[in-house]
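The sequence and structure come first.

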Amino acid sequence: MSDGFIELRNIRKVFSGVVALDAMSLVIKPGEIHCLAGENGSGKSTVIKIMSGVYQPDGGEMLIDGKPVPGMTPIGAIAHGVQVIYQDFSLFGNLTVAENLAMNVHLGEKRRLMNWRRTRAIAREAVDRLGVELDLDAEVASLPTAGKQLVAIARALMSDARLIIMDEPTTALTRKEVETLFRIVRDIQARGIAILFVSHKMREMLEISERITVIRNGRKVAEGPTGDFDEASITRHMTGSDILSEPYVWTPPPGPPPVPRLEIRGLTVPGKCERLSLAIRPGEIVGLSGLLGSGRTDLALALFGMVPRYEGEILIDGAPVRMRSTQEAIDAGIAYVPEDRLTEGLFLPQSIKRNMLATSYERLARKLVIDRDRAEEMTQGMVRAMQIATPTAEKPVMQLSGGNQQRVVLARWLLTDARVLILNGPTVGVDVGSKAEIHAKIRELAQHHGLAVLMISDDVPELVQNCNRIVLMHRGRFIEDLPAADVTEETVSDRLKTFT
Amino acid sequence: MALLRRSETVIAGILLLAMVLIGTINPAFWQLDNLFSLMRSNVIIGIMALGVLLVLISGGIDVSFPAFAVAAMYLTIKGMLALGYNGVVLPLLAATLMGLLLGAVNGFFVYKFRMIPLIVTLGTSAMVRGFLLGVVGTSMININKMPTALIDFARTDVISVTKADGTTYGLTAMVLIYLGLAVAMHLVLRYTMIGRSAYALGGDPEAARRAGFDLRKTIFFIYCVAGALAGFAGLLHSGMIWLANPRDFVGLELDVIAAVVLGGASIFGGRGSVLGTMLGVFMLVMVKNSLIIMKVDTTWQLVAVGLIVIVATALSAWRDRRRMA
């Protein structure tokens, strides 16, 4: 009865007593683009690992071409044409594109010697097959993320693949790169190869896939053609509840306009941004978007004292401040949550407490000794206020989910009594549920604590939903300042597309 | 353009500049006998550096090779004296094999227990040195007892020149052995899968495992070769200096690692070449040699080597970060 290329039936997988998958079923038809949707921790990666033979299921069975394939191994999976493109791509950054592409062929043939001419020929063929431009002699580490992904895809295509599993392929890509990726994915599909797209980004799933399977807590909760789903229904299946999305409204208080929390006048960072002027009043959430390299991050860094050689004026609550170092920026009340919280913001092996207090130690330390009781009190208060899911603040941050990690970073800055909060890609890599909570938190901070928020993001829906104004930046200049009430996601996206 | 961006070109450029500089301060630098003696000083450090290069490429580090070298050298000569054997090939093979076996011990701990190579090699280094002095002996074997065949072998010159005053000097044939080993190492690294697997391991161990490399084989190969080269160099060294000292090579690990890093190998693994390493070795030896000629105190030479390690490592770390960006 099965018309699938690969089928999981009632798969169960238990890790030391914890059920990761229970009654998980999934059918992938030959040559279809299928989306596996689920929040972080829902069991998506376990599904991938079972399909690729890394894990053995504890119950249920897997079928390929209608026949059960017990005891699948990674090599067996590859022999059946199942290829996985991991999030980290599993490439060798120190080697050339050509060698990365040819490596598996050499290993498969159990060669002892390295034939460079053949390596190039194999790589050339792989790249041609994908129909893309790649410098075969470039070191992989020097490629942008999208380039590395192309290498990984080209490599997966080499081995007569019938199914390519892509694990969160769009996480680190810009909108434009995502479009290129989708074009390639459709192209691969045209050759009769099925694609399993594992993601939690709804917009992308709806755009690319033909069928969707939603997984929650290790179980399949919904399945069907993409046309049967919309964002709300996927979210409902993924989280088990409805997430409300009302636009953020900011009404200026009656009377004369309040003094802006943050004002910049003619801010110029040589070569990065030019004569930027902007005022953000208490309670405002201003969105900032633009392509990578538009100068948006440079602006944020200048505000945070990381570009001491800027020109122009920065005013906090009407008082001019010169941002020569991060310490001065923090003292002035600026908090910055960087783009990649994992590498820039957190000390992953350290406890939640230490991470939260990282910028507050100076204030906690009276006469060289840290006020431990006060530190404890501050941490506990924040864990509660930010609703971080943890039994204790001593837990290492790396054991938290992405959303909780982001909250730790937010908490750290709130402890510094920030008045201006700059967020750079606040929910990159965060699943829908956590995303909604982070958004709610940010709104609350602006609304009830009078913070001025500058939210930098590529995620247009995020901006439209949470900001009262959206500023678009291109080549170092502000191009537009749109009241969020007057725009839709489409208008902002279309505007961004005209920037090249 | 691509040639200019290669680390080797940069190192060669710096080397040339340093040579001009040293030659200006001290014109005797350019004399043939000084250059010959400089090349002679490259041999032992250079052979050991080839092994360290391999280890660094794989993302590891080895500080045990001087201990292995001294153990292989001293045990072999003790053995030769005990047996009354006077030859060259068999003793060199024996010393190489001893180094190889000791290297296998490093490989075992690094692979089996996934231990940090620095800790493993620090441990094996201390044990081997302690064992040598405690069990085998502490006395030096001087020229009067040294096996003559070894000395004669190490005295072979490829070129000899007679000076105006009748004294002769030459370029030792040991340079050829060094060159031969260097070419072999280059071929292994560039044209064999085991060589490429060292690069892969140093680049991303997890990806190397997923790709299906036999990492056990790779790790054992790397540490065995490093040990074997050290054992070989150890015995050759005693032939060249007519002396077998069980306390020899103390602190040499710093010189050799400095030379390899100076030669562009990344301390984080995944990058490095034989040509670069040879240039690095030459640079280090030349700097030390010039400090001696300039009558700089040996304690200050230590400072210089330490400085070289830090500056070279900082530069290569900076380079690697820029490549990632």
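In which hand, left or right, does α12(B) pass α13(B)? The crossing of α12(B) over α13(B) is right-handed. The model described here is predicted.

## Helix pair in chain B

Two packed helices are described by the angle between their axes and the distance between the axes. For helix α12 (residues 252–262) of chain B and helix α13 (residues 274–293) of chain B, the angle is about 125 degrees and the axes are 7 Å apart. Angles of 65 to 115 degrees count as roughly perpendicular and those over 145 as roughly antiparallel, so α12(B) is oblique to α13(B).

On the α12(B) side the contact is made by D255(B), A258(B), A259(B), V260(B) and L262(B). The α13(B) side contributes T277(B), G280(B), V281(B), M283(B) and L284(B). Sorted by class, the residues in this contact of α12(B) with α13(B) are seven nonpolar, two polar and one charged.

## Contact between chains A and B

Chain B puts 19 residues into the contact, and chain A puts in 17 residues. On the side of chain B that touches chain A, at least two residues each come from α8 (174–191), α9 (193–203), α10 (205–211) and α14 (298–324) of chain B. The most is given by α9(B), with six residues.

The residues on this side of chain B comprise eight nonpolar, five polar and six charged.

## Domains of chain A

The domain assignment of chain A lists domain 1 (6–239) and domain 2 (262–497). Between the C-alpha centres of domain 1 of chain A and domain 2 of chain A the distance is 34 Å.

Conventions
Residues are numbered from 1 along each chain as its sequence is written. Chains are lettered from A and ligands numbered from 1 in the order in which they are written. This is a predicted model: local features need pLDDT of at least 70, side-chain atom pairs count only at pLDDT 80 or more; totals for chains, interfaces and linings use all residues. Domain bounds come from an automatic or database domain assignment. Two residues are in contact if their C-beta atoms, placed from the backbone, lie within 7 Å. Helices (H or I, at least four residues) and strands (E, at least two) are DSSP runs, numbered from the N terminus. Ala, Val, Leu, Ile, Met, Phe, Trp, Tyr, Cys and Pro count as nonpolar, Asp, Glu, Lys and Arg as charged, and the others, Gly among them, as polar. Axes are lines fitted to C-alpha atoms, for helices over the stretch in contact, and angles run from 0 to 180 degrees between N-to-C directions. Angles under 35 degrees count as roughly parallel, over 145 as roughly antiparallel, 65 to 115 as roughly perpendicular and the rest as oblique. A crossing is left-handed if the near helix is turned anticlockwise from the far one by less than a right angle, and right-handed if clockwise.
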